[in-house]
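Subject: Structure handover

Hello,

Here is the structure I promised to pass on. Please open it alongside this email, and read on for what turned up.

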Amino acid sequence: MKKIVTLLIGIFLFVSLFAQEKKDTTYWKTGGMFSVNFNQISFTNWAAGGLNSVSGVAKAQYSANYLKANISWDNLLDLGYGLSKVQGLVVQKNEDVINLESKLGIKAANKWFYSGMLNFKSQFAPGYSDKENKNLISNFLSPAYLFLSVGMDYKPSGKFSLMLSPLTGKITIVTDDSLRANYGVDVDKVARPEFGAYLKSSLNTEIVKNVGLLTELGLFSNYLKDPEKVDVDWKVAINMKVNKYISAQLGTNLIYDYDIKDPVDGKAKVQFKELFGVGFSFKF
């Protein structure tokens, strides 16, 4: 599986280098962002009490998008990792994201494109559900999700897109056999394939000056088992630019997947994450 990840990232890097090496770059739009946010709380003889803590999150994004005549090709690599240390507790991660997406489209009519999309998601490091980092609930490629979709993509502008795919393969990968039951994968198998319909919408716009909004919604229904049960993955990110290098970021992620079970009671639950930070960032 590591070879698969290496291959996917290698493809993306090839696309990026190809975009940069082309003499005529008028059809390519490339760019990225890197940010590091820090938070610290310290108490000394504080009557109201409290625990010292420090945390940091690093995020990086890079996109290489091509548009010429009837061809559209969008590529995105999104990475994030963060750690938190609270007095008296072991170091724990507070952010861990690997997201690689490539979408190729051929214009059909007006703002519609025949499109094919590949999307890969996972995390870098082990994750735990307890304060002592003893109860492992995730790891690299445990889980990982691979989507292969074919359908129609509506792109009225560079800010919004809506992809409708009636033909989508979803593969849930769990390489750690001790975690497979948590993600609906048979203990003696590495992956669980699904086939269904997928919808993904994306909006990236500036709300007011120096305040940007990025929101993505993904919906998946499995034709082969309980198609009425729709998996949801909704992300919202608000970026507030203070000056050239200082920014504040607020991000949320809501997930509901019927196949992801709570290890305590074995039930599927709504997952929600919120992250806010102020720190250093720059675009390139």
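Start at a turn. Strand 4 and strand 5 form a hairpin with two residues between them. In that turn, N110 has a positive phi of about 50°. The two strands run antiparallel and are joined by 11 bridges. Strand 4 covers residues 92-109, and strand 5 covers residues 112-122. Across the pair, E101 stands opposite N119 in strand 5.

One caution before going further: this is a predicted model.

**The barrel**

How many strands close into the barrel? There are 12, and their pairing is antiparallel. The order is 1-2-3-4-5-8-9-10-11-12-13-14. From one strand to the next, the twist averages 20°. As background, strands of a sheet pair through backbone hydrogen bonds, either parallel or antiparallel.

Step back from strand 4 to strand 3. These two pair in the antiparallel sense over 14 bridges. D78 has N99 of strand 4 as its bridge partner. The hairpin they form has five residues between the strands. There, G88 takes a positive phi near 90°.

Strand 2 (residues 53-68) and strand 3 (residues 71-86) run antiparallel, with 16 bridges between them. S53 is bridged to V86 in strand 3. A69 sits in the loop between strand 2 and strand 3. A69 is not a glycine, yet its phi is positive, at about 55°. Its relative accessible area is 69%, so A69 counts as exposed.

N210 is another residue to check. It is not a glycine either, and its phi is positive, at about 70°. N210 belongs to the loop between strand 10 (191-208) and strand 11. At 36% relative accessibility, N210 is partly exposed.

There is a cis peptide bond too. It runs from S142 to P143, with omega near 5°. P143 is in the loop between strand 7 (136-138) and strand 8.

**The end of strand 1**

I41 is in strand 1, which spans residues 28-41. Leaving aside neighbours within four places in sequence, I41 is in contact with L51, N52 and S53. For a sense of distance, take I41 and E95. They are 54 residues apart in sequence and 19 Å apart in space, C-alpha to C-alpha.

**Aromatic rings**

The structure holds 15 aromatic pairs. Take Y62 and F284. Their ring centres are 6.1 Å apart and their planes are at 15°, so the pair is stacked. Y62 lies in strand 2, and F284 lies in the segment after strand 14 (271-283). The pair therefore ties together parts that are 222 residues apart in sequence. Y62 itself is buried, with a relative accessible area of 14%.

F147 and F220 pair in another way. Their geometry is edge-to-face, with 6.0 Å centre to centre and 80° between the planes. F147 lies in strand 8 (residues 144-154) and F220 in strand 11 (residues 211-222), so this pair ties together parts that are 73 residues apart in sequence. Both F147 and F220 are buried.

Ring pairs also build a cluster. Its members are F34, Y62, Y245, F280, F282 and F284.

**Nonpolar cores**

Which residues make up the largest nonpolar core? It has 11: M117, Y145, F147, M163, V174, L179, Y183, V185, Y198, F220 and I260. Apart from it lies another core, of six residues, including F120, L141, A144 and I173.

F220 deserves a look of its own. Neighbours within four places in sequence aside, F220 is in contact with F147, T168, K170, E194, F195, G196, A197, Y198, K229, V230 and D231. Two of these contacts, F147 and Y198, belong to the largest core along with F220.

That covers the handover.

Best wishes

Note on methods:
Residues are numbered from 1 along each chain as its sequence is written. This is a predicted model: local features need pLDDT of at least 70, side-chain atom pairs count only at pLDDT 80 or more; totals for chains, interfaces and linings use all residues. Side-chain values use heavy atoms; hydrogens and water are left out. Two strands pair if DSSP finds at least two bridges between them. Helices (H or I, at least four residues) and strands (E, at least two) are DSSP runs, numbered from the N terminus. Axes are lines fitted to C-alpha atoms, for helices over the stretch in contact, and angles run from 0 to 180 degrees between N-to-C directions. Rings of Phe, Tyr and Trp (its six-membered ring) pair if their centres lie within 6.5 Å; planes under 30 degrees apart count as stacked, over 60 as edge-to-face and the rest as tilted. Buried means under 20% relative accessible area, exposed over 50%, partly exposed in between (1.4 Å probe, protein chains only). A nonpolar core is a set of buried Ala, Val, Leu, Ile, Met, Phe, Trp, Tyr and Cys residues joined through side-chain atoms within 4.5 Å. Contact means heavy atoms within 4.5 Å.
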